[in-house]
Amino acid sequence: MRKVEIHCSLTEYDNQDELPEEDRNLIQEAKASMNKAYAPYSHFHVGAAILLDNGIILRGNNQENASYPIGLCAERVAIFAAGANYPNVKIKALAITANSDHFHVNKPITPCGACRQAIAEYEHRYQQDIRLIMTGESGKVLVADTISNFLPYQFNADDLKVKTK
Ligand code: THU
């Protein structure tokens, strides 16, 4: 018997000014995307922006539905857009932000469990870590070098013995 401890590493910034320009720019893209979210049910608007290895930025935001469960999170809208339109280009970074019609989001928004799994798929697909930059309307910014920090013991194509390259 052996106890396993998993280490997660995140960097907290007190404000956005401490971040490199590339990160700050991606947050601005995520905010612009957030303002176009379709969230008439939750009134919680989430924006995501993806930076590809070739410098192209893709945006996504949450798309809700009267049939609640079929709505999709901003992160998956963005990452699926990347996979659909640039299947051969690696993903470098993903920024996430949110606001609400009902309260002030004063802390970083982190991806939900399903989105963590979706992000992990693309890290595995391209064999490249994705830098995650998470923020709210105000407050701290959280940065992680890879989704592994949010999803230990992940299930991926290796478990199915499937080659994704
Ligand atoms: N949502 C996202 O878009 N991303 C997340 O990481 C968390 C939740 C969306 C889903 C739904 O439209 C709304 O936020 C409230 O859960």
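**Burial, pairing and contacts in a predicted model**

Analyst: In β4, the residue that forms a bridge with A49 is A95. The model is predicted, so local features are reported at pLDDT of at least 70 and side-chain atom pairs only at pLDDT 80 or more, whereas totals for chains, interfaces and linings use all residues. Residues are numbered from 1 along each chain as its sequence is written, and side-chain values use heavy atoms, without hydrogens and water.

User: How do you know that β2 and β4 pair, and in which sense?

Analyst: Strands here are DSSP runs of E with at least two residues, helices are runs of H or I with at least four, and both are numbered from the N terminus. Two strands pair if DSSP finds at least two bridges between them; β2 (44–52) and β4 (91–100) have nine bridges and run antiparallel, and therefore they count as a pair. Besides A49 with A95, L51 stands opposite A93 in β4.

User: What makes β2 and β3 a pair?

Analyst: Five bridges join β2 to β3 (residues 57–61), again in the antiparallel sense, with L51 standing opposite I57. The two strands form a hairpin with four residues between them, and G55 in that turn has a positive phi of about 95°.

User: Which strand runs parallel to β4, and over how many bridges?

Analyst: That strand is β5 (residues 131–135), joined to β4 by four bridges, with A93 opposite R131.

User: Why is N99 called buried?

Analyst: Buried means under 20% relative accessible area, exposed means over 50%, and partly exposed covers what lies in between, with a 1.4 Å probe and protein chains only. N99 has a value of 16%, so it is buried. N99 sits in β4, where nine of the 10 residues are buried; in β2, eight of nine are. Contact means heavy atoms within 4.5 Å, and, leaving out residues up to four places away in sequence, N99 touches M34, N35, H43, F44, H45, V105 and E137.

User: Why is I119 called buried?

Analyst: I119, in helix α3 (residues 113–126), has a relative accessible area of 0% and is therefore buried. With residues up to four places away in sequence set aside, I119 touches I79, L94, P111, I130, L132 and I147.

User: What makes H43 partly exposed, and what is its phi?

Analyst: The relative accessible area of H43 is 26%, so H43 is partly exposed. H43 lies in the loop between α1 (21–34) and β2, and its phi is near 60°, a positive value in a residue other than glycine. Most residues other than glycine have a negative phi.

User: Is Y153 buried or exposed, and what is its phi?

Analyst: At 67% relative accessible area, Y153 is exposed. Y153 belongs to the loop between β6 (141–144) and α4 (157–160), and its phi, near 55°, is positive in a residue other than glycine.

User: How do you know that the side chain of N149 reaches the backbone oxygen of T146?

Analyst: A polar contact is a pair of N or O atoms within 3.5 Å; within protein, one must be able to donate a hydrogen and the other to accept it, and residues adjacent in sequence count only if both atoms are side-chain atoms. The side chain of N149 comes to 3.2 Å from the backbone oxygen of T146, and a polar atom of that side chain lies 2.7 Å from the backbone nitrogen of S9, so both distances fall within 3.5 Å. N149, in the loop between β6 and α4, is buried, with a relative accessible area of 12%.

User: Which residues are around the ligand?

Analyst: The shell takes in residues with a heavy atom within 4 Å of the ligand, and consists of S42, F44, V46, N62, E64, C73, A74, E75, T110, P111 and C112.
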